[in-house]
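Open the model in your viewer and keep the sequence panel beside it. The stops below say what to select and what is found there.

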Amino acid sequence: MIPLVVRPEPQNHSLCEALRRAGHQPVATPLLTFESGAELSRVPALLSELGSKDYVIAVSVQAVNFADNALKSQSSGWPDVTYVAVGDATGRAFAAAGITNALVPDDPRSEGMISLPELQHPDGCRVLILRGDGGRHMMAPALAARGAQVSYCEVYRRCYRQDTDGTLVQRWQQQGVDSIIITSGGLLQHLFMLAEHTAKNWLLSRILIVPSIRVVEQAKQLGFTHIINAKGASNTALIGALG
C-alpha cells in the first residue's frame, strides 16, 4: 500500500522505515513540528516548589523533552515526586531523563491516567501537568474534584505545516496515496482542513488508520468511512492495522 505518514519527526522516519520493511511504499510528509511553549522558562521554578507527596504529569514525549531541556539549561534537576506518563513512549522519555519509576496507565489517554490507583486520593497534593498549547482539559477538573491542587504548564506549542496553494494535497494524489496513518486528533483535523476545499471527496475515500476510539469517532464526524482503529500509536500497532 501507499500510506501517507504525517506524524512529526523523528517518529515519521522511524515509521516509514518500518513500513518499507513490511512491503509498503510510504509517503512521508510531517505536518507538525514543536517549539518552546509560553511557560517553558517557568519549569525549573514550578518543579522546585513541589514536595515528595506531589505529582508531575506529562501528556506527551514532547512535554518531557522540552521540560528536561529547560531544567538542564538552568542546571536544575527533576524533583523527588510521583511522575505519571500518558503512555509507554512518554514513559521511555522520562526514563531517558533519569526517571525510571514513572507510572504508565494501560489506557494511554486522559481517562487512563485519572484511573490510576495512585491518583484516586490526591487530597491536598499539588499536581503539575506538563503539556502543549491547547489539548484536552478533563484531567485537571477530575483531579481537582478529588482534592488536588492542579496547575498546567505550557512547555511546548504545536506548529502545523500549511499548504496555501494546494500543491501538497495534489502531490499526494499524484503519488497514489491510498491510505493515511494518523496518530492524533489534532493531526486529523489539520489534514482535513488542508484538503476540504480542493480534495475533500478524495481524502474521505482513503483508508484511515487511527490510534484510538476517540479519533475513530472524530473521523466519523468528519465523514471518513474506511476507518481502522490500531488501538495504539506504536509502529507495530499502526503497521499491523494497515495489514
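A residue is called buried here when its relative accessible area is under 20%, exposed when it is over 50%, and partly exposed in between. The model is a predicted one.

**Stop 1: Asp54**

Select Asp54, which is found in the loop between H2 and S4. Is Asp54 buried or exposed? Its relative accessibility is 6%, and because buried means under 20%, Asp54 counts as buried.

Next, show the surroundings of Asp54. Leaving aside residues up to four places away in sequence, Asp54 touches Val81, Thr82, Cys125 and Arg126. The Asp54 side chain also reaches the backbone nitrogen of Gly51, at 2.7 Å.

Asp54 and Arg126 meet in a salt bridge, at 3.1 Å from N to O. Asp54 sits in the loop between helix H2 (43–48) and S4, and Arg126 in strand S6, so this pair ties together parts that are 72 residues apart in sequence.

**Stop 2**

Select strands S3, S4, S5, S6 and S7. These five strands form an open sheet in the order S3-S7-S6-S4-S5, with mixed pairing. At the edges are strand S3 (32–36) and strand S5 (82–85), each of which pairs on one side only. On average, neighbouring strands of this sheet are turned by 25 degrees against each other, direction ignored.

Within this sheet, look at strand S6 (residues 126–132) beside strand S7 (residues 149–160): the two pair in the parallel sense over seven bridges. To find one of these pairings, pick Val127, whose bridge partner in S7 is Val150.

Move to S4 and S5. These strands run parallel and are joined by four bridges. Ile57 has Val84 as its bridge partner in S5. Trace the chain from S4 to S5: the path goes through helix H3 (residues 61–73), and this β-α-β crossover is right-handed.

**Stop 3: helix H4**

Within H4, pick Ala89. Ala89 is partly exposed, with a relative accessible area of 37%. Draw a distance from the C-alpha atom of Ala89 to that of Val104: the separation is 9.5 Å, for residues 15 apart along the chain.

**Stop 4: the sheet with parallel pairing**

S1 and S2 run parallel and are joined by two bridges; Val5 has Ala28 as its bridge partner in S2.

**Stop 5: salt bridges along the chain**

How many salt bridges does the structure hold? There are seven, and the Asp54–Arg126 pair is one example.

For another, stay on helix H10 (residues 213–222) and select Glu217 and Lys220, which lie three residues apart, about one turn of the helix. Glu217 and Lys220 form a salt bridge, with their closest N and O atoms 3.9 Å apart. Both ends are partly exposed: Glu217 at 38% relative accessibility and Lys220 at 49%.

Then go to Glu39 and Arg42, a salt bridge with its closest N and O atoms 3.5 Å apart. Glu39 is partly exposed at 24% relative accessibility, and Arg42 is partly exposed at 40%.

**Stop 6: helix H11**

Finish with helix H11 (residues 235–242). Which of its residues are buried? They include Ala237, Leu238, Ile239, Ala241 and Leu242. Show what covers these buried residues: among the elements are strand S1 (3–5), helix H1 (11–21), strand S8 (179–181), strand S9 (207–210) and strand S10 (227–229). Just after H11, select Gly243, which takes a positive phi of about 90 degrees.

Terms used
Residues numbered from 1 in each chain as written. Predicted model: local features only at pLDDT ≥ 70, side-chain atom pairs only at ≥ 80, totals over all residues. Heavy atoms only, no water. Pairing = 2+ DSSP bridges. Axes fitted to C-alpha atoms, helices over the stretch in contact; angles between N-to-C directions. Buried < 20%, exposed > 50% of the residue type's maximum accessible area, 1.4 Å probe, protein only. Contact = heavy atoms within 4.5 Å. Salt bridge = Lys/Arg side-chain N within 4 Å of Asp/Glu carboxyl O. Polar contact = N/O pair within 3.5 Å; in protein donor to acceptor, adjacent residues only side chain to side chain. Right-handed = clockwise from strand over helix to strand, strands pointing away.
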